[in-house]
Amino acid sequence: MDDQPFSDPASLLISEDHYITRLLHASGVALDSLGVGGAPSDPRQTWRIVAENWHLFAGTASGYWLEEALDQVLEIDEALDADSADRVFNQIQNRLDTPDFRPRALFERFKIDVLATTDDPLDDLAGHAALRESGLPGRVIPTFRPDRYLDPENTQFGSSVERLLALTEETATFEGYLAALRGRREHFLHHGAVSTDHGVEEAYTHDLEPSDARRLFQRALDGTLTPAEARVFRGHMLLEMANMSVEDGLVMTLHAGVLRNHSSATFQAHGPDTGHDIPVRTDFVNGLRPLLERFGLERDFHLVLFAVDETVYSREIAPLAGFYPSVYIGAPWWFLDAPDAISRFRAAVTETAGFSRGSGFIDDTRAFLSIPARHDTARRVDAGFLARLVVEGRIRTRDAERIADDIVGAQPRRVFKL
Amino acid sequence: MDDQPFSDPASLLISEDHYITRLLHASGVALDSLGVGGAPSDPRQTWRIVAENWHLFAGTASGYWLEEALDQVLEIDEALDADSADRVFNQIQNRLDTPDFRPRALFERFKIDVLATTDDPLDDLAGHAALRESGLPGRVIPTFRPDRYLDPENTQFGSSVERLLALTEETATFEGYLAALRGRREHFLHHGAVSTDHGVEEAYTHDLEPSDARRLFQRALDGTLTPAEARVFRGHMLLEMANMSVEDGLVMTLHAGVLRNHSSATFQAHGPDTGHDIPVRTDFVNGLRPLLERFGLERDFHLVLFAVDETVYSREIAPLAGFYPSVYIGAPWWFLDAPDAISRFRAAVTETAGFSRGSGFIDDTRAFLSIPARHDTARRVDAGFLARLVVEGRIRTRDAERIADDIVGAQPRRVFKL
Amino acid sequence: MDDQPFSDPASLLISEDHYITRLLHASGVALDSLGVGGAPSDPRQTWRIVAENWHLFAGTASGYWLEEALDQVLEIDEALDADSADRVFNQIQNRLDTPDFRPRALFERFKIDVLATTDDPLDDLAGHAALRESGLPGRVIPTFRPDRYLDPENTQFGSSVERLLALTEETATFEGYLAALRGRREHFLHHGAVSTDHGVEEAYTHDLEPSDARRLFQRALDGTLTPAEARVFRGHMLLEMANMSVEDGLVMTLHAGVLRNHSSATFQAHGPDTGHDIPVRTDFVNGLRPLLERFGLERDFHLVLFAVDETVYSREIAPLAGFYPSVYIGAPWWFLDAPDAISRFRAAVTETAGFSRGSGFIDDTRAFLSIPARHDTARRVDAGFLARLVVEGRIRTRDAERIADDIVGAQPRRVFKL
């Protein structure tokens with residue numbers, strides 16, 4: 001909104017990027033020294049640590065993204081290592097101090113059509129409104145992300161629901177709670193949102209009788225649910241979210257199969273999103289069945305499934321998306337947003353579901369400067385995949401050309417109702 | 001038997017092929033308009049819908065099969081799209097009206113040695129007998145498929161067992177039930193059957209004490225089994241089938257890991273096998289252990305394992321088949337019967353089990369005209385795999401040649417006792 | 001120690017190598033005829049059986065290893081088949097009777113730096129001491145392998161713990177038991193051990209309260225634990241092993257996810273390690289969490305995770321090793337120690353964790369003569385992987401060269417504290 005310059009290389013490129021800080025941490029670097037979780041740190045010193053350890057990133061997706069950002073966006077022409085650390089730091093700092101490297105200039109330079117943030121349901125979205133009026137040549141839209149309002153085991157559930165009901169002036173009943181969520185979704189819709197986002201450990205849904213839902217909601221507020229009951233309530237609320245999507249048209253995206261905050265000590269010292277979220281197996285086929293039994297055949301309902309366990313692509317997600325009109329295959333996410341993994345993804349889903357049932361490539365980055373590199377990587381890998389099919393006589397060149405355009409243009413626009 | 005001409009392009013190539021109809025359905029086409037589940041529909045209109053949406057199949061296995069059938073079998077020389085739809089329809093219809101495109105002529109043209117149908121245990125197999133006497137230059141043999149007679153949770157279990165006992169004049173005791181099944185297997189053997197086929201959600205077996213089996217059977221007839229007891233009974237009956245295979249020599253094929261009829265609404269409207277069977281994880285190693293403890297070392301027992309979860313190939317099926325003389329690795333099945341998936345399959349199993357422990361390629365199609373394309377695909381992919389091993393210095397050319405022949409000839413004949 | 005010549009080709013190359021004997025068994029060869037489990041057998045006859053069936057090994061890892069051993073180590077220049085069997089047998093026997101083919105000469109010829117055996121905790125390690133004093137140009141070091149002392153469901157648990165306590169003169173209390181284990185680890189450390197090895201069916205750990213651990217230990221001695229309690233105790237003891245590793249610095253290696261002795265009849269007739277250990281799914285992320293919560297951030301603790309389910313590489317092990325400084329990715333193990341599997345392994349882990357978080361290649365062989373072939377295979381595949389990254393513009397040639405050296409030299413030395 002304010003188009004403030006980025007302050008320094010480390011806070012722009014390192015401290016918030018848990019892909020980078022996690023691998024340094026694995027090699028013995030203290031997270032505090034990298035400014036993780038807002039720890040006070042000297043940006044130049046952080047940058048030196050990264051430079052000294054830069055060889056660790058050879059072959060990784062994060063290494064490729066940062067090198068591309070340095071080379072293509074920041075126009076640094078020497079390799080990063082202990083020797084070049086200070087020079088590179090200075091050059092980046094110089095760039096960041098010029099108008100061409102302010103956020104808005106880069107947003108234009110990157111030719112971003114749509115950038116979606118994820119936001120708390122109670123956010124007033126004033127920032128989005130201001131941006132919209134500022135004449136940016138692309139859209140920055142909010143996304144409704146209600147995890148903490150739906151999960152009774154989230155430590156913030158009680159207080160979150162309390163604030164939700166207060167803001168919306170609804171009663172502390174299950175009906176009031178649903179009405180409040182509907183109200184906030186409507187608020188997001190008015191501010192341009194096209195989707196809701198749900199981050200869950202398991203792709204589990206449940207279809208409760210209304211009387212059971214009411215009862216569990218009250219006990220959730222009282223904090224007296226057993227773990228099994230909390231799971232059922234959480235699963236039911238995911239189904240209610242689908243129900244509301246059927247009503248209001250917001251696309252539902254589900255990011256499932258991550259155990260958050262695996263290391264309690266790290267969470268206590270540095271907070272969430274600091275590199276110790278770890279994938280776990282989850283079952284989309286049985287887990288989503290109650291939701292799909294209710295809403296899977298609804299024409300305008302869009303449910304986009306993202307996974308970090310790549311075994312589900314050929315076994316679960318492609319078969320589901322190849323039948324249910326509502327189900328779309330999310331682009332390879334997180335650890336899988338990398339060249340070889342994207343290539344495996346395409347091979348895993350295409351023979352069953354073709355190209356039309358995917359979300360098309362969307363990135364999921366916290367590292368603003370990596371956006372061009374991520375899209376470039378995905379496009380190259382997809383082009384390589386299509387080229388192989390042409391060479392093997394499996395598709396025609398003209399079809400490959402159409403698909404290459406479609407999966408980065410019309411397809412994501414259609415799936416996300418843009 | 002009667003060698004009736006195929007009626008029209010849509011009912012021959014589309015309506016029964018749930019690989020094709022499922023992807024159209026995912027894209028918003030109503031199943032009724034495709035004639036799925038016997039819905040009355042205009043073949044030409046169905047064909048137009050397929051042609052308009054044909055781009056959806058680019059890169060899919062079904063797309064490749066249908067294009068090969070059009071090009072190689074039906075000798076259509078233009079690409080299918082909205083513009084060509086009617087012309088192609090007419091050309092196909094013309095072909096189907098000529099003697100060269102009757103079922104028997106195609107059977108001969110495809111040089112089919114053996115075609116196995118799957119049949120209800122109570123089928124009198126008169127059709128097979130008639131075919132046998134008709135002088136077809138290959139064998140059409142029945143396969144014993146008793147799922148509904150073995151699963152107390154199948155809605156048709158009670159009535160099926162009742163009919164089974166009535167036909168075989170056996171008593172409603174567990175012993176009578178086993179004797180009846182034995183009798184029907186013998187009937188199938190007399191009609192040329194070489195195998196039994198079992199489609200199950202999980203690869204689960206159980207070795208019950210006779211008194212427990214008797215007790216559960218009576219309660220299964222009464223419909224009073226709990227889900228856990230039904231599972232145990234079903235698992236025990238799979239083991240009894242293995243026992244009978246040891247006795248009578250029928251090869252046992254197991255197709256495990258599919259949740260049938262995921263969408264109840266679709267099942268109610270269109271019936272089974274309409275595109276919403278979805279793979280699920282299953283555990284062959286623990287699940288089959290009771291069966292293999294009893295019969296795994298029997299010399300003439302053949303158990304062929306088919307999977308739709310490709311992770312089991314390197315982890316479970318190849319290690320089992322690389323030790324137990326009775327266990328064979330089934331060819332990639334269903335969603336996995338596609339070029340890239342077959343290639344991954346070969347890479348997953350060969351280093352552990354070589355080439356001799358596989359079933360060799362067998363197709364599993366409902367689409368008669370796709371048979372040549374399916375075998376052609378598998379042969380090409382296997383040849384490509386062998387060629388890579390030769391180039392990498394891992395096998396000799398003469399071994400590659402021997403194996404390429406063996407896995408489509410001697411090997412499946414040996415595994416299926418043909 | 002004594003440098004006795006190897007007695008004959010069959011006992012050197014076949015009878016102890018369950019990779020080879022298992023596939024012959026699957027093809028109908030009786031294990032007794034191969035000398036498995038110490039069965040008396042005629043080496044020449046065993047060799048003939050192998051030669052007649054040698055075509056079964058085309059494309060397998062074991063086939064490649066044995067051919068390399070014949071060609072490169074034993075300098076046999078004709079292919080093995082029924083016709084050449086006796087000639088090859090005679091040539092090998094001649095080699096084995098010469099001084100150049102005694103164990104010590106081969107050890108030198110193979111340029112082995114370090115060879116680690118796995119040993120019972122009560123072993124006096126006199127053999128290792130003798131070897132050390134004999135002036136071998138490399139190290140042969142023991143590894144502490146306490147499985148049977150930690151698992152109450154192991155049939156030898158009671159007697160093993162009894163002997164452990166007797167040898168160490170400790171009391172039959174939980175504290176005495178821990179002290180005894182500590183004492184034996186110290187003994188191993190004094191004899192050059194750098195690691196402990198743990199073979200478990202599941203990667204499960206548990207952090208018991210001391211009073212509960214004491215109580216379960218007493219009941220374990222009494223043989224009165226339920227299976228669930230035995231699991232918890234076993235999980236807790238794995239955590240205690242990690243605790244001791246933090247104290248004494250021994251690297252902890254975990255080989256998880258194998259169901260041992262799948263065929264009871266084979267186990268009873270031929271004993272363990274006779275080819276019917278089968279991989280099963282296991283969950284490293286939840287299973288190891290208690291252990292990692294306690295010790296995962298300890299700087300000098302090294303935990304190397306080996307798997308035979310390759311799906312865990314990208315989903316579980318690379319993400320864990322990319323965050324926890326203590327966790328290392330074990331080289332592809334057992335069924336996965338083969339060219340295509342190694343290649344998949346590299347593609348699965350590198351984009352997330354780079355090259356620095358792996359153990360580097362270590363073989364795990366019972367077949368002494370296959371050591372050069374195994375290292376050669378891994379090096380070739382890794383070099384091929386690096387070359388691909390160079391060609392694709394993903395790493396620089398000089399980085400590829402550094403990494404190729406590092407992962408077979410500095411890296412395993414650092415991970416195993418050599």
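Analyst: Start with the polar contacts. Chain C and chain A share 20 residue pairs in polar contact, both residues at pLDDT 80 or more. A polar contact is a pair of N or O atoms within 3.5 Å; within protein, one must be able to donate a hydrogen and the other to accept it, and residues adjacent in sequence count only if both atoms are side-chain atoms.

Next, the elements on the side of chain C that touches chain A. Those giving two or more residues are helices H14 (284-287), H15 (289-295), H16 (311-321), H17 (339-353), H18 (371-391) and H19 (397-406) of chain C. H16(C) gives the largest share, eight residues. Helices (H or I, at least four residues) and strands (E, at least two) are DSSP runs, numbered from the N terminus.

What kinds of residue make up this side of chain C? There are 18 nonpolar, nine polar and 14 charged. Here Ala, Val, Leu, Ile, Met, Phe, Trp, Tyr, Cys and Pro count as nonpolar, Asp, Glu, Lys and Arg as charged, and the others, Gly among them, as polar.

A word on the source. This is a predicted model: local features need pLDDT of at least 70, side-chain atom pairs count only at pLDDT 80 or more, and totals for chains, interfaces and linings use all residues. Residues are numbered from 1 along each chain as its sequence is written, chains are lettered from A and ligands numbered from 1 in the order in which they are written, and side-chain values use heavy atoms, with hydrogens and water left out.

Now the charges. The rule finds four salt bridges across the interface of chain C and chain A (a side-chain nitrogen of Lys or Arg within 4 Å of a carboxyl oxygen of Asp or Glu). One of them joins Asp340(A) to Arg388(C), with the closest N and O atoms 2.8 Å apart.

How many residues does each chain bring to the contact? Chain C brings 41 residues and chain A brings 40 residues. Contact means heavy atoms within 4.5 Å.

The two chains bury about 3,200 Å² between them, 52% of it on carbon and sulfur atoms. Buried area is the accessible area (1.4 Å probe) that two parts lose on being put together, summed over both. Three residues stand out on chain C: Arg315(C), Phe323(C) and Glu351(C) supply 25% of the area that chain C buries against chain A, more than any other three residues.

Last, the partner. Chain A has 20 helices and eight strands. Its C-alpha atoms fill a box of roughly 65 × 55 × 45 Å, taken along the principal axes.
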